[in-house]
Structures are given as C-alpha cells and as structure tokens.
Amino acid sequence: MADMRDFGEMDADDKGGVHDYSYEDTGAVDASPGLTPSQTVGPFFAYGLTPGPYGYAFPEIHKTDLAGADVAGERIEIIGHVFDRDGVRVHDAVIEIVQADASGTYVHAPRNDGFTGFGRCGTGAQGKDADTHFKFRTVKPGASQRGAAPFVTLIVTMRGLLNHMITRMYFPEDDLARDPVIAQVPETRRGTLVAKNAGPGRYRFDIRMQGPEETVFFDL
C-alpha cells in the first residue's frame with residue numbers, strides 16, 4: 001500500500017495536476033460533474049429485491065403472478081433457469097418481465113383489472129426441491145404492432161454484470177417469419193429466443209449467459 005502520510009501536502013506541479021491537492025484548498029476547487037463509473041451489483045441485491053426465494057419473510061415489491069381474476073386473456077406459465085458459461089444454474093439472478101396484455105397493449109397507467117405488465121422473480125432456492133428456477137403466471141400477450149409476433153421481454157441482473165441484459169421470449173406456435181426483430185437475428189441463433197412447450201399453457205425458457213448456446217441479448 002502506498003505511503004499516504006504526505007498526501008495533504010502534495011505539489012500538483014510535481015504530479016502533472018492542474019490544482020492544489022492540499023486539503024485546506026479543496027473548497028476552492030470547482031466541481032467537475034461526470035458519470036459515475038459502472039460496477040457490478042453487490043452480493044445481496046437478489047436477497048433485497050426478491051426475499052421470498054431465499055427464505056426471508058418480507059413482502060415482495062413486485063409479484064410473479066401478473067394475471068389476476070379480472071385480467072382478460074389466455075392464462076400461461078413461464079418457467080426457466082439461468083445458466084452460466086459452464087452450464088451451472090445461477091442461484092442469485094433477478095429476472096424481470098415486461099409484456100403487453102392479450103390485446104397487444106402496454107400498460108402506461110394503473111388499470112382497473114390490476115394488470116401491470118411487469119413481474120420480478122429471483123432464482124433462489126424455491127420450494128422443497130431447492131430448485132433455482134424462475135416462474136411467472138401471466139396471460140399470453142398479443143402482437144403489439146402489425147407484422148410482429150407476440151413476445152415477452154426479459155431483463156436479467158446477476159453477479160458479474162456491469163449492466164442488466166435484455167432478451168425476448170417468443171412462443172413456438174406463432175408465425176415468426178415476418179417479425180422485424182427476429183429477422184435481424186442470425187438464423188442459427190433464433191432458437192435461443194423461442195420458448196419450448198412444457199405442457200398445456202406452460203412454456204420453458206432457459207437463459208444461457210455465455211457458451212455455445214448463449215441466449216441472444218439486445219443492445220438497447
């Protein structure tokens with residue numbers, strides 16, 4: 001560790017600086033606002049944002065069930081895991097989803113049916129099987145624009161990331177041929193954006209952060 005005992009008397013001329021580093025003069029230095037450097041999220045963010053999966057009896061800020069009794073549409077369930085580059089399940093990721101309703105409309109203000117189009121889930125050990133899955137109950141979204149296929153946006157935050165990652169989940173039964181976003185993805189990688197059928201009204205969508213089957217992420 002550097003010897004900092006004489007730091008308060010440092011001469012800026014000796015260090016190529018443009019102002020006096022003496023503690024007594026710091027009040028005279030004009031502020032230089034700028035961007036705060038990016039850093040990875042701390043080790044406890046998943047516990048704080050999604051306490052339930054980790055066994056903490058605190059209320060969740062956002063729910064995993066987006067489809068209350070008054071919400072119109074086909075009920076579906078989305079399940080999946082997050083895998084690192086070695087194929088190991090990530091136990092401290094936070095998955096958020098954003099979606100349109102069954103008519104293809106996004107929520108921009110509170111609605112009478114309670115639908116928000118937003119959900120959040122942690123991948124901590126859930127249930128007796130101590131599984132690190134995420135699960136959402138919602139309604140299948142409608143197409144939000146002409147020619148586009150219905151999709152759900154997923155946002156991933158986890159250890160080691162400077163910024164969250166964004167991807168999409170499309171449905172296997174829909175026609176993706178004219179979707180303008182899918183068309184920009186190399187054909188060999190489009191499958192990473194399509195969910196798999198896991199039973200009636202149930203879809204599996206695994207997210208692979210790296211590796212040969214890495215999920216396609218979007219730069220937004």
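Residues are numbered from 1 along each chain as its sequence is written, and side-chain values rest on heavy atoms, with hydrogens and water left out. Since the model is predicted, local features require pLDDT of at least 70 and side-chain atom pairs count only at pLDDT 80 or more, whereas totals for chains, interfaces and linings use all residues.

The mean pLDDT (the predictor's confidence in each residue, from 0 to 100) is 84 for the protein, and 80% of its residues reach 70 or more. Over residues 1-23, pLDDT stays under 50. For this segment the model has 14 contacts beyond four places in sequence, a contact being heavy atoms within 4.5 Å. Where pLDDT is low, the predicted coordinates should not be read in detail.

The protein contains 2 helices and 9 strands, taken as DSSP runs numbered from the N terminus (helices H or I, at least four residues; strands E, at least two). From the N terminus on, the order of elements is α-α-β-β-β-β-β-β-β-β-β. Of the contacts with a separation of 6 or more, 64% are accounted for by residues 24 or more positions apart. Strand 2 and strand 3 pair in the antiparallel sense over 5 bridges, pairing being assigned if DSSP finds at least two bridges between two strands. Within this arrangement, I97 has G119 of strand 3 as its bridge partner.

Of the 220 residues, 38% count as buried (under 20% relative accessible area; exposed is over 50% and partly exposed in between, with a 1.4 Å probe and protein chains only). Strand 3 (residues 118-122) is mostly covered, with 4 of its 5 residues buried. By contrast, D219, in the segment after strand 9 (207-208), is exposed at a relative accessible area of 79%.

Beyond four places in sequence, the residues touched by L154 include I95, I97, F134, M165 and I207.

A search of the whole structure finds 3 aromatic pairs, defined for rings of Phe, Tyr and Trp (its six-membered ring) with centres within 6.5 Å; planes under 30 degrees apart count as stacked, over 60 as edge-to-face and the rest as tilted. The rings of F134 and F136 form a tilted pair, with centres 6.3 Å apart and planes at 50°. F134 is buried, at a relative accessible area of 0%, and F136 is likewise buried at 0%. The rings of F171 and Y203 are edge-to-face, with centres 5.0 Å apart and planes at 80°. This pair links distant parts of the chain, 32 residues apart: F171 lies in the loop between strand 6 (165-170) and strand 7 (196-197), and Y203 in strand 8 (residues 202-204). F171 is buried at 0% and Y203 is buried at 4%.

Two rings also carry a charge over the face (NZ of Lys or CZ of Arg within 6 Å of the ring centre and within 35 degrees of the ring normal). K140 lies over the face of F171, at 5.0 Å from the ring centre, and the charged end of R168 sits over the ring of F151, 3.6 Å from its centre.
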